[in-house]
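Grab your viewer and let's work through a few exercises on this model. Try each task yourself before you read the solution.

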Amino acid sequence: MKQKIALLGSTGSIGEQTLDVVRRHGDRFEATVLTAGKRWQRLAEQAREFEPDAVVIADERYYGDLCAALADRPVKVYAGADAIEQIVRGGSVDTVVNALVGYAGMMPSLAAVETGKKLALANKESLVIAGRQIIETASRTGAPILPVDSEHSAIFQSLVGERTPARRLILTASGGPFRTTPREKLAGMTAREALRHPNWSMGAKITVDSSTMVNKGFEVIEAHWLFGMPADRIDVLVHPQSVVHSMVEFDDGAVKAQLGTPDMRLPIQYALTFPERFTYGGERLDLARMATLTFEEPDREKFPALEIAYDCLRRGGTAPCTMNAANEVAVAAFLEGRIGYCDIVRLIERALEQAAFVAEPTVADYQACDAEVRRMTAAMIR
């Protein structure tokens, strides 16, 4: 029987690569639900190819256009963020691949684990914001969470089969496009320069997050929730070649690592096929051609967002939610040319200083925090 997949964010980078995996293994996977934010034309094209049971466009302004584009197909069309959450809860889905960007992915992740569905998680913000609720709910319902981020997939793969807990997790980071850029020149960096990632092909928002190391900070928080590891036992190393995707150290001194080409289809496929491994037709890793693999400590003064994320993890409560909301608004403003590159982190710091803090938040508290911080950050920009 085919695994029935709800792919949230099908028109984004992770979504498109997930559909590549579905194409390669059409005998094993079926995309029964596809969702997108605004790109209704591409969503319509995907629906024509994969013939899902339903599609959802989050931006309700494009509902009519999408309906018209699929009028000759037996595909149900829905619109709105609530529709995404409702369709995740539906019975025609085995696996939810959450490839949404940012806060928008939190409630669908929670809906997936509440209904006991397998969650292949690429939306790290779900755990950054509401890690406790999602992990505790998954534990109660038995919903498996399989990481799609290459770093967390690497840690997961390194832990499979181990009977003793890890001593330390080591997340690797490429260093992004500004790894060798002098600190004094960062203020002048443009969006075009920030989007030139040296190794990975990703969406605009996550590429900017990689350049500021906000993304790596969020991955530290995600690793905490996925693997139950405290902040002081999660380290980050810059690895410019992006071949060693992450490592795990054990009490006996052994270190296990997962290596591979910088291709997101590998961790996507593993999340879908675990505990099996399917054939993959992409480029194979040739270590002889690599010649050298190097590692270095991250420059925390040059990239302060990493330490800010550690502080948010230690503080807990709504602090990570505040950091995420401020970052989302700031990155959007930077991509639109309304603020400078270094203003992204400054706005995060100011939001953390000024936003209300709830130590033991509910989902409603996260929703209120997100809305408050977005208003506050937008006002700071104006």
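**Exercise 1: a helix on the inside**

Buried means under 20% relative accessible area, exposed over 50% and partly exposed in between, with a 1.4 Å probe and protein chains only. Helices (H or I, at least four residues) and strands (E, at least two) are DSSP runs, numbered from the N terminus.

Before going on, some ground rules: residues are numbered from 1 along each chain as its sequence is written, and side-chain values use heavy atoms, with hydrogens and water left out. This is a predicted model, where local features need pLDDT of at least 70 and side-chain atom pairs count only at pLDDT 80 or more, while totals for chains, interfaces and linings use all residues.

Task: work out what span helix 10 should have, and check it against the model.

Step 1. The expected span is 1.5 Å times one less than the number of residues.
Step 2. For the 14 residues of helix 10 (residues 214–227), that rule gives 20 Å.
Step 3. The end C-alpha atoms of helix 10 are 20 Å apart, which agrees.
Step 4. Look just past the helix: G228 takes a positive phi of about 65 degrees.

**Exercise 2: follow strand 1**

Task: which strands does strand 1 pair with, and how many bridges join each pair?

Step 1. Six bridges join strand 1 to the parallel strand 2, and L8 stands opposite T35 there.
Step 2. Four bridges join strand 1 to strand 5, also running parallel, where the bridge partner of L8 is N98.
Step 3. Check the burial: five of the six residues of strand 1 are buried.
Step 4. Trace the chain: strand 1, helix 1 (residues 13–24) and strand 2 make a right-handed β-α-β unit. Right-handed means that, with the strands pointing away from the viewer, the path from the first strand over the helix to the second runs clockwise.

**Exercise 3: two residues**

Task: are S109 and H25 buried or exposed, and what do they touch beyond four places in sequence?

Step 1. S109 lies in helix 5 and, at 0% relative accessibility, counts as buried.
Step 2. Contacts of S109 include N98, L119 and L121.
Step 3. H25 lies in the loop between helix 1 and strand 2; with a relative accessible area of 10%, H25 is buried too.
Step 4. H25 touches Q269, F278 and T279.

How values were computed
Pairing = 2+ DSSP bridges. Contact = heavy atoms within 4.5 Å.
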